[in-house]
Amino acid sequence: LLARNRFHGDETDLEKKRETYKRAADDVYAFFIDCMEDDWEASVEKKALYAAYIGHCQGTMRCKPAADVHFFRKLRVVIGPSYKEDRPKYGGDLRERVVVGWKLKDGGPDGNTQVNPSNPSKTVLLQNYDSPEREG
């Protein structure tokens, strides 16, 4: 052990182990690393972001996704002070909430996102999103 400075068969470094543990313990962190990228000119609708997160949980992570409120609360912690929201007006009176300065990586987690032609920095989901009903 002292000669090798590691256990036998332990080829991975400590940072890789930490990253693996962090991804397994926090599905929002794993989604952030796998599916989002920094782009100060971009914005992504919160509904599209949450739908992409659900797809990532069900497909890649194979875990139960958190409720939307908990997802965005955790995402604020993961992103940190650069997390910003806005409600821009894109023609008409419809004002959807967006997360500013971030976008889904090319094609999103399952290749189901595209750029909105009327506003290239706004990412939209190609599939319909059904918001879970809140009990109150």
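# Reading salt bridges and helix packing

Guide: Welcome! Let's start in helix H1 (residues 14–25), where Glu15 and Arg18 are about one helical turn apart because they lie 3 residues from each other. Keep in mind that this is a predicted model.

Visitor: Which salt bridge does Glu15 form?

Guide: Here is the general idea: side chains of opposite charge can pair when their charged atoms come close. An α-helix has 3.6 residues a turn, so residues three or four places apart point the same way. In this structure, Glu15 pairs with Arg18 in a salt bridge, and their closest N and O atoms are 3.9 Å apart.

Visitor: How many salt bridges does the structure hold?

Guide: There are 9 salt bridges. Another of them joins the side chains of Lys47 and Glu96, at 3.8 Å from N to O. This pair links distant parts of the chain, 49 residues apart: Lys47 sits in helix H3, while Glu96 belongs to the loop between strand E2 (84–86) and strand E3 (98–104). Lys47 itself is partly exposed, with a relative accessible area of 42%.

Visitor: Which residues are linked in a network of salt bridges?

Guide: Look for Lys46, Arg76, Glu85 and Arg97, which are linked in such a network. Within the model, the side chains of Arg76 and Glu85 meet in a salt bridge of 3.0 Å, N to O. Arg76 is partly exposed at 36% relative accessibility, and Glu85 is partly exposed too, with a relative accessible area of 28%.

Visitor: Now to helix H3. Which of its residues are buried?

Guide: To read burial, look at relative accessible area: under 20% counts as buried. In helix H3 (residues 46–61), the buried residues are Lys46, Ala48, Leu49, Tyr50, Ala51, Ala52, Tyr53, Gly55, His56 and Cys57.

Visitor: At what angle do helix H2 and H3 pack?

Guide: For helix packing, look at the angle and at the spacing of the axes. Helix H2 (residues 27–35) packs with H3 at about 100°, and their axes are 10 Å apart. That angle makes H2 roughly perpendicular to H3.

Visitor: Which residues make the contact?

Guide: H2 brings Asp27, Val28, Ala30, Phe31, Asp34 and Cys35, and H3 brings Leu49, Ala52, Tyr53, His56, Cys57 and Met61. By type, the residues of this contact of H2 with H3 are 9 nonpolar, 1 polar and 2 charged.

Technical notes:
Residues numbered from 1 in each chain as written. Predicted model: local features only at pLDDT ≥ 70, side-chain atom pairs only at ≥ 80, totals over all residues. Heavy atoms only, no water. Buried < 20%, exposed > 50% of the residue type's maximum accessible area, 1.4 Å probe, protein only. Helix = DSSP H or I, 4+ residues; strand = E, 2+ residues; numbered from the N terminus. Salt bridge = Lys/Arg side-chain N within 4 Å of Asp/Glu carboxyl O. Axes fitted to C-alpha atoms, helices over the stretch in contact; angles between N-to-C directions. Parallel < 35°, antiparallel > 145°, perpendicular 65-115°, else oblique. Contact = heavy atoms within 4.5 Å. Nonpolar A, V, L, I, M, F, W, Y, C, P; charged D, E, K, R; others polar.
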